[in-house]
Amino acid sequence: MDFKKCLPLFSYIFHPIFSSIYGTLFFFGIAKNYFNNPQIYITLIQVTILTVLMPLSMYFLFRSLGLLSSFTEASIAERRMPIAIQAILLFVLIKYSISKEMFTELYYFFLGGLLSTLVVLSAVLLKFKASLHMIGISALTAFIYGLSLYYQLPFTYLIGICIICMGFVASSRLYKKAHTPIELIAGIFIGMVPQLLLFKYWL
């Protein structure tokens, strides 16, 4: 089987819409002893609703209205509304659901995500199409790296796997001709830099 034909799978598995829930699940996977089950379940439900279910609902709505053509590829014009809505949903999440005092690490993960979303929205308004897939997986990789430092856990292999997956996602986007190398590199920086800059507030 031609491996190149499997590359598009990475566009779905690591679609940016899933980065938030991946990060949240990983966080609670290593920090579950610091929280009770109701706190974990309620937070997971809130994150799922605001970062997965509502964006998916918006996607199907926009698709039915002819405003969006694809789940993994979208033109610059098609990106504006979904990204703006994503910024609003992330703001609602960190304002009303993820407490900085209770879920400090998770709060700054989502704050970094909001900053990345605002940057990429500005880029879209300037007619530049940075890769949302690379933003999502880069932010997730940086968050896992930060958690490994914070909890002093040896996540060397996991971080290595994340970096390899970044390569697969980038290859997938190139294979599908969804982005240029510059757009992929821009996505890495937009996703990773806000996370790294916020490390000083919680590490």
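Cys165 counts as buried at 14% relative accessibility, where buried means under 20% relative accessible area, exposed over 50% and partly exposed in between, with a 1.4 Å probe and protein chains only. Cys162 is buried too, at 11% relative accessible area. This is a predicted model, in which local features need pLDDT of at least 70 and side-chain atom pairs count only at pLDDT 80 or more, while totals for chains, interfaces and linings use all residues. Residues are numbered from 1 along each chain as its sequence is written, and side-chain values use heavy atoms, leaving out hydrogens and water.

How many disulfides are there? With a disulfide taken as a pair of cysteine sulfur atoms within 2.5 Å, the count is zero. Cys162 is in no disulfide, and its nearest cysteine sulfur, that of Cys165, is 6.4 Å away.

| Residue | Relative accessibility | Class |
|---|---|---|
| Cys162 | 11% | buried |
| Cys165 | 14% | buried |
| Leu153 | 33% | partly exposed |

Helices here are DSSP runs of H or I with at least four residues, numbered from the N terminus. The axes of α6 and α7 come within 10 Å and cross at roughly 175 degrees, the axes being lines fitted to C-alpha atoms over the stretch in contact, with angles from 0 to 180 degrees between N-to-C directions. α6 is therefore roughly antiparallel to α7, a label for angles over 145 degrees.

The loop between these two helices holds Leu153. Leaving out residues up to four places away in sequence, Leu153 touches Ile30 and Ser148. Leu153 and Ile30 are 123 residues apart along the chain, yet their C-alpha atoms are separated by 9.4 Å.

Now to the nonpolar cores, sets of buried Ala, Val, Leu, Ile, Met, Phe, Trp, Tyr and Cys residues joined through side-chain atoms within 4.5 Å. The largest has 41 residues, of which Phe27, Phe28, Ile98, Leu106 and Phe110 touch the most other members. Helices supplying at least two residues each to this core include α2 (19-31), α5 (104-125) and α8 (181-202). Beyond its neighbours within four places in sequence, Leu106 is in contact with Gly23, Thr24, Phe27, Phe28, Thr43, Ile98 and Phe143. A second, separate core has ten residues, including Met134, Ile137, Met166 and Ala170.

How values were computed: Contact = heavy atoms within 4.5 Å. Parallel < 35°, antiparallel > 145°, perpendicular 65-115°, else oblique.
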